[in-house]
Amino acid sequence: MSDSAWSDRIVGERMQTDQEFAEKVAASNFSRQQWGLIMTAVEFEIEDPEDPDSARLVADTSKVESVVPELEKVDQASGMAAGGGRPDDDSGGILDGVKDALGLGGDDGIDREQLAAAEEMAQMYAGDLQEKLEANGKWEEVCVLARE
């Protein structure tokens, strides 16, 4: 069975975990909007589904790096939508844009600390989701579906 088959079975638990995890997001350096963007880049996998006792739900965060440069823009856009003014533009203008295009900018646009924090939170979310699945008696079923 495909990954979507087991992931389709956990939609309710994901929604519950999202609601419960909101407190951790609020205590983090990420806004709700930023966390939502991060989660669009996260996929979940089950390691060792053959043995539900040792199986583990993990977050594949390999695509998170691609959204990190957009995190600040998300908050700027939501600030504007909430009636804020024009976002601060701290770019160096056209010259910096040309340097970046030529690979001379020296900055890959990735805040490594922010990336590490996003990856760590995604793994915490996966742990919370697995706990929810276990508590609801669905973990073994999900493992069976993951290995098919």
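Predicted model: local features only at pLDDT ≥ 70, side-chain atom pairs only at ≥ 80, totals over all residues.

Trainee: OK, helices. At what angle do H2 and H6 pack, and how far apart are their axes?

Mentor: The angle between H2, residues 11-27, and H6, residues 112-135, is about 135°, and the axes are 10 Å apart. That angle makes H2 oblique to H6.

Trainee: Why oblique and not antiparallel?

Mentor: Roughly antiparallel needs an angle over 145 degrees, and the angle here is about 135°, so H2 counts as oblique to H6.

Trainee: Left-handed or right-handed crossing?

Mentor: H2 and H6 cross in a right-handed sense.

Trainee: Which residues make the contact?

Mentor: From H2, Glu-13, Arg-14, Gln-16, Thr-17, Asp-18, Glu-20, Phe-21, Lys-24 and Val-25 take part. H6 contributes Met-121, Met-124, Tyr-125, Asp-128, Leu-129, Lys-132 and Leu-133.

Trainee: How many of those are nonpolar, and how many charged?

Mentor: Seven are nonpolar and seven are charged, with two polar residues besides.

Trainee: Switching to aromatics. How many pairs are there in the whole structure?

Mentor: The search finds four aromatic pairs. In one of them, Phe-21 and Tyr-125 have ring centres 5.3 Å apart and planes at 80°, so that pair is edge-to-face.

Trainee: Where do those two sit in the chain?

Mentor: Phe-21 is in helix H2 and Tyr-125 in helix H6, 104 residues apart, so the pair links distant parts of the chain. Both residues also belong to the H2 and H6 contact.

Trainee: Are they buried or exposed?

Mentor: Phe-21 and Tyr-125 are both buried.

Trainee: What about Trp-35 and Tyr-125, what kind of pair do they form?

Mentor: A tilted one, with 6.5 Å from centre to centre and 50° between the planes. This pair also links distant parts of the chain, as Trp-35 lies in helix H3, residues 32-40, and Tyr-125 in H6, 90 residues apart. Trp-35 is buried, as is Tyr-125.

Trainee: Which residues make up the aromatic cluster?

Mentor: Phe-21, Trp-35, Phe-44 and Tyr-125 form one cluster.

Trainee: Where is Asp-48?

Mentor: In the loop between strand S1, 43-47, and strand S2, 56-60. Asp-48 counts as partly exposed because its relative accessibility is 47%.

Conventions
Residues numbered from 1 in each chain as written. Heavy atoms only, no water. Axes fitted to C-alpha atoms, helices over the stretch in contact; angles between N-to-C directions. Helix = DSSP H or I, 4+ residues; strand = E, 2+ residues; numbered from the N terminus. Parallel < 35°, antiparallel > 145°, perpendicular 65-115°, else oblique. Left-handed = near helix turned anticlockwise from the far one by under 90°. Contact = heavy atoms within 4.5 Å. Nonpolar A, V, L, I, M, F, W, Y, C, P; charged D, E, K, R; others polar. Buried < 20%, exposed > 50% of the residue type's maximum accessible area, 1.4 Å probe, protein only. Phe/Tyr/Trp six-rings, centres within 6.5 Å; stacked < 30°, edge-to-face > 60°.
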